[in-house]
Amino acid sequence: MTANAPAPRPTPRPRSDFRAFRAISTRWADNDVYGHVNNVVYYSWFDTAVNAHLIEAGALDIHTGGVIGLVVETQCHYYAPLAFPQTVWAGVRVAHLGSSSVRYEVGLFADGAETTAAHGHFVHVYVDRETRRPVPLPAALKHTLETLR
């Protein structure tokens, strides 16, 4: 590949690339005028899948915890439409674990599908709730994140 050549387009990923899964029911309001789920909804599903997993694992307290995650980067690739009514499965994995940041990869699967209808990533930088300055990942959060690698 030359310096000016575009990077190859990503391809759908298999379920085996992901470590934890969550069922998400589409809603009537998710569909746009074109009859499929609007792209902005996919990002809310990314957030829901990751944060619900962390909350349920006891690794993140969104109401009173001293540490919160701020999204600093996000991207999504789309391969097949999703629409209401449909169950979507969100698969999550941790691709990179830094001292205060995490790169999550999320795959969205139509119910029963073996490859992603869409997948992408986002990066959380964990910061002090009050100062908004980066802090080291708390032990419980780091342990939960390790299980998603």
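This is a predicted model: local features need pLDDT of at least 70, side-chain atom pairs count only at pLDDT 80 or more; totals for chains, interfaces and linings use all residues.
**Entry 1: around α1**

For my own labels, helices are DSSP runs of H or I with at least four residues and strands are runs of E with at least two, numbered from the N terminus. Residues are numbered from 1 along each chain as its sequence is written, and side-chain values use heavy atoms, with hydrogens and water left out.

Then I checked the length of α1. The helix covers residues 39–56, and at 1.5 Å a residue its 18 residues should span 26 Å; the expected span is 1.5 Å times one less than the number of residues. The end C-alpha atoms are 26 Å apart, which agrees.

Which residues of α1 are buried? I noted Val 41, Tyr 42, Trp 45, Phe 46, Ala 49, Val 50, Asn 51, Ala 52 and Leu 54. Buried here means under 20% relative accessible area, exposed means over 50%, and partly exposed is in between (1.4 Å probe, protein chains only). The cover over those residues includes β1 (20–25), β2 (67–78), β3 (87–97), β4 (101–110), β5 (118–128) and α2 (139–146).

I also clicked on Thr 48, which sits in α1. Thr 48 has 38% relative accessibility, so it counts as partly exposed.

**Entry 2**

Next I wanted the strand order. It is an open sheet of five strands, β1-β3-β4-β5-β2, with antiparallel pairing. β1 and β2 are at the edges with a single partner strand each, so one side of each has no neighbour in the sheet. On average, neighbouring strands are turned by 25 degrees against each other, direction ignored. Axes are lines fitted to C-alpha atoms, for helices over the stretch in contact, and angles run from 0 to 180 degrees between N-to-C directions.

I went through the pairs in sheet order, counting two strands as paired if DSSP finds at least two bridges between them.

- β1 and β3 are antiparallel over six bridges, and Phe 21 has Gly 91 of β3 as its bridge partner.
- β3 and β4 are antiparallel over nine bridges and form a hairpin with three residues between them.
- In that pair, Gly 91 stands opposite Gly 107 in β4, and Val 88 has Ala 110 of β4 as its bridge partner.
- β4 and β5 run antiparallel, joined by eight bridges; Leu 108 is bridged to Ala 118 of β5.
- β5 and β2 are antiparallel over 11 bridges, and Gln 75 has His 121 of β5 as its bridge partner.

How enclosed is β4? Eight of its 10 residues are buried, so β4 is largely enclosed by the rest of the structure. I then looked at α2, which lies across β3, β4 and β5 and runs at about 115 degrees to β3.

**Entry 3: Thr 116**

Is Thr 116 buried or exposed? Thr 116 is in the loop between β4 and β5, and at 2% relative accessibility it counts as buried.

I looked up its polar contacts, meaning pairs of N or O atoms within 3.5 Å; within protein, one must be able to donate a hydrogen and the other to accept it, and residues adjacent in sequence count only if both atoms are side-chain atoms. A polar atom of the Thr 116 side chain is 2.9 Å from the backbone nitrogen of Arg 13. The Thr 116 side chain also makes a polar contact with the side chain of His 119 at 3.2 Å.

For plain contacts I used heavy atoms within 4.5 Å. Leaving out residues up to four places away in sequence, Thr 116 touches Pro 12, Arg 13, Phe 18, Tyr 79, Gly 107, Leu 108 and Phe 109.

**Entry 4: the whole chain**

Last, the overview. The chain has two helices and five strands, running β-α-β-β-β-β-α from the N terminus. The C-alpha atoms fill a box of roughly 45 × 40 × 30 Å along the principal axes.

With 149 residues, a compact globule would have a radius of gyration near 15 Å, and the chain has 16 Å, which agrees. That radius is taken over C-alpha atoms, and the globule rule is 2.2 Å times the number of residues to the power 0.38.

Of the 149 residues, 42% count as buried. Among contacts between residues at least 6 apart in sequence, 71% join residues at least 24 apart.
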